[in-house]
Amino acid sequence: MRTDTKLALAIFLVSCSSGAILGRSETQECAFYNASWEKDGTNQSGIESCHGEKDKRRHCFSTWKNCSGAIEMVKQGCWLDDVNCYDSSECVERKENPDVFFCCCEGNMCNEKFHYSPEMIQTTSNPVPQKPDLFPTLLYSLIPVMAVAVILVISFWMYRRLKLSYPPLLVPSQHAFHIMIEDPGLTPPSPLLGQKPLQLLELKARGRFGCVWKAQLLNEHVAVKIFPVQNKQSWQNEYEMYSLSGMKHENILHFIGAEKRGNGVDIELWLITAYHEKGSLTDFLKANVVSWNELCLIAQTFVRGLAYLHEDIPNLKDGHKPAVAHRDIKSKNVLLKSDLTACIADFGLSLKFEAGKSTGDTHGQVGTRRYMAPEVLEGAISFQRDAFLRIDMYAAGLVLWELASRCTAADGPVDEFCLPFEEEAGLHLSLEDMQDVVVHKKLRPIFREHWLKHTGLAMLCETIEECWDHEAEARLSAGCVEERIISMQRNTNLIAPDDFLSVVTMVTNLDFPPKESGL
């Protein structure tokens, strides 16, 4: 009996390992085609050599459309490691009636030929095949059972590890966009993404509500913000804000679509937006200093986006745009485009204000502690539209201070990047720390002495002080701040270095736009 058991175990392990080895087909070259070759600056067709990490498998793929019975090629080429393509020597699309047909395979040039063969669910009444003679020995032997258990545990561990470090390809599907059908409270997403394959490429950031990935949507890079299902409310609120009438603006992050991915406990909620390589203003200022003109460009476009967000605009082409309070303004939520213009992102805590409608169940003490206004820290908020907009303006003053702290315009040293109140309260501050510093001591981030010797920075510092005023009613509106930045840049550029006067004289003699501007 012991000899039979050893023989059976050897046959079992050899067959498993040889099957895994023989089943793998290396892919070196794939047929290449790009329907957008002129726009992308590539060849229209040819052969593409496949390259990738040594421990990743390579495949070929094809995508096409069925236009009134005629096949219209979209793209062909090499594909990243994808379990859906393993051991498939033919390129076959098996989903029923997709908008865009997609198939992948293993083997050189295996995507030259492709076809559509939807899977059909069939029942069978065939008897279970006769078990081999050695099966009873394997069944009643403890060693194979233990071996299978170990293999399953190792396989599950490797799957979880790979899922975190390199997520699998997400193939387009009609069913991928039926978001939370079981929950009628969620709004259905944009249908745009159902026509295009989307693949995650690189994890860029993690936050309290989820993580952000750089991804590829056909030929362009996009950003994918992934929320775990327990943060459904934040995902839904952000989607609803992006979907409001009039929310398309050059200084508000461009929204592309929303999805639900996965099943059961692995459900993830996605938001897809434009991708900006320079990242957030926080990350940019950590690694770079800015000139006076760069500061003015970033500051002006940032407050222009905030002013548009705060504005109530009737009679737009797509309807009435309500006023929106962001409620989490900070440099991390300001993204920079390639030309250094800014756009505002992350609307998970935002509120819209529509005439005759309640703002709903609103908790006043939300946002990032470091950027909370005094009335938020005290819990003494008036739940009116203007009160929430003034809270945004307090935080905007702190963001403008961060910009000023990294500007090279003044004749003096430029400090290392520092978050607001980092000098006063440290990096890891509590709500009580902020209440003590901001509410009781009424402290604000300091202005360096040499900043005030530069005419433009002196004007900016005065504007910042009026943004973070302890009295909410005394704060400037975003529209007023935008006008002031335009004015101070124009006036600064008109003044030659030899004509600089004292800071007090310059600030007194210059005509700022009026303080009252809509709040």
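**Notebook: a sheet, a helix and a pocket**

I looked up S10 and S12: strand S10 (residues 220-228) and strand S12 (residues 268-274) pair in the antiparallel sense over seven bridges. Pairing takes at least two bridges found by DSSP. Strands are DSSP runs (E, at least two residues) and helices likewise (H or I, at least four), numbered from the N terminus. Within this pair, Val-224 has Ile-272 of S12 as its bridge partner.

The model is predicted, so I note that local features need pLDDT of at least 70 and side-chain atom pairs pLDDT 80 or more, while totals for chains, interfaces and linings use all residues. Residues count from 1 along each chain as its sequence is written, and side-chain values use heavy atoms, without hydrogens and water.

Next, the whole sheet. I read an open, antiparallel sheet of five strands, in the order S8-S9-S10-S12-S11. S8 (198-206) and S11 (255-261) are the edge strands; each has a single partner, so one side of each lacks a neighbour in the sheet.

Then I checked the second largest pocket. A pocket is an open set of points on a 1 Å grid over the protein atoms alone, where a 1.4 Å probe fits, with protein on both sides within 12 Å along at least five of seven lines; lining residues have an atom within 4 Å of a point. I found 44 lining residues, with Ala-205, Arg-206, Lys-332, Asn-333 and Asp-346 nearest the centre. Elements giving two or more residues to this lining include S8, S10, S12 and helix H6 (281-287).
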